[in-house]
Amino acid sequence: MIDGSTTSGRHSVDAIVERLAELPGKADLFNPYAGFDAEIEDADAPATRCRNLQRYLAGMADRGVSDLWLGEAPSRFGARRTGVPFTGDGRLADLSQRLGVVPPLARATRETLPTRESGTSREIWNAMPASLPLFWNAVLFHPHRGVLPLRNRTPTWTEIAAHREVLAMIVAIFAPRRILCIGRVAQRAADGLGIPATYVRHPAQGGAVRFRAGVAAFLDNRPPAAAPPSLSRP
């Protein structure tokens with residue numbers, strides 16, 4: 001455990017956020033910590049997302065982390081907008097309250113009406129235990145189809161490798177005792193980190209029932225049900 005209130009702890013958290021802001025995006029890989037969508041937000045949106053992530057990580061450091069829940073990549077409704085993994089605009093107040101973050105984590109977009117939540121995010125929040133796990137993704141940028149910037153796509157292994165340095169920093173700072181890998185992409189990213197990792201079915205594309213069962217087994221420290229070896233669905 002690290003103390004997020006200490007200089008060394010905050011410096012480490014800051015280093016993660018700074019590294020993410022420095023990593024290059026691409027035409028089909030949106031960096032929410034450096035870029036902004038002029039249609040829905042202003043030029044200060046990346047700075048807001050960086051502050052949100054820094055405050056989230058510092059808040060988790062103050063609490064201590066036992067489990068890391070590792071996903072695939074941000075959706076167009078989640079960290080692409082807020083900067084916090086698995087957290088859309090509508091979850092910012094809830095997460096702020098749970099962490100005791102004052103003032104609350106801020107919206108980066110100009111829109112004031114509630115926005116849609118991805119099915120994956122909803123399933124993850126519904127399955128979350130009382131003791132908050134640390135949320136993270138194999139890729140922290142939003143992978144999308146080039147001509148359709150808000151349509152999600154699966155990140156490539158090259159993109160996962162480029163973000164593995166930041167994942168290793170997270171593991172070194174927070175020292176989680178185990179990782180819940182939400183899908184095959186997360187499982188691949190967690191390989192070799194030296195921490196017990198459990199695969200659960202990604203809740204997208206009809207996997208919600210198996211995802212819930214896998215999380216329940218993980219939280220109860222039961223062996224997960226056998227999963228097919230195919231990597232066709234992350």
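**Close-ups of a predicted model**

View 1. Residues are numbered from 1 along each chain as its sequence is written, and side-chain values use heavy atoms, with hydrogens and water left out. R178 also meets D67 in a salt bridge, 2.9 Å from N to O (a side-chain nitrogen of Lys or Arg within 4 Å of a carboxyl oxygen of Asp or Glu). D67 lies in strand β2 and R178 in strand β6, so the pair ties together parts that are 111 residues apart in sequence. Both D67 and R178 are buried, meaning under 20% relative accessible area, with exposed over 50% and partly exposed in between (1.4 Å probe, protein chains only).

View 2. Helices (H or I, at least four residues) and strands (E, at least two) are DSSP runs, numbered from the N terminus. Five of the five residues of β6 (residues 178-182) are buried, so the strand is largely enclosed by the rest of the structure. R178, L180 and I182 point one way, while I179 and C181 point the other. β2 (residues 67-71) pairs with β6 in the parallel sense over four bridges; pairing takes at least two DSSP bridges between two strands. β7 (residues 197-200) also runs parallel to β6, joined by four bridges. Look for I179, which stands opposite L68 and opposite A197 in β7. β6, helix α7 (residues 184-190) and β7 make a right-handed β-α-β unit: with the strands pointing away from the viewer, the path from the first strand over the helix to the second runs clockwise.

**View 3. Aromatic rings gather in a cluster.** Ring pairs link W69, F86, W125 and F135. Rings of Phe, Tyr and Trp (its six-membered ring) pair if their centres lie within 6.5 Å; planes under 30 degrees apart count as stacked, over 60 as edge-to-face and the rest as tilted. The whole structure has three such pairs. F86 and F135 have ring centres 5.1 Å apart and planes at 75 degrees, so they are edge-to-face. F86 sits in the loop between α3 (79-82) and α4 (92-99) and F135 in strand β3 (residues 134-137), 49 residues apart. Both F86 and F135 are buried.

View 4. R212 pairs with E123, their closest N and O atoms being 2.7 Å apart. R212 lies in helix α8 (residues 208-219) and E123 in helix α5 (residues 119-127), so the pair ties together parts that are 89 residues apart in sequence. R212 is partly exposed at 43% relative accessible area, whereas E123 counts as buried at 13%. Over in helix α1 (residues 7-22), R19 and E22 are three residues apart, about one turn of the helix. Their closest N and O atoms are 3.7 Å apart.

Technical notes:
This is a predicted model: local features need pLDDT of at least 70, side-chain atom pairs count only at pLDDT 80 or more; totals for chains, interfaces and linings use all residues.
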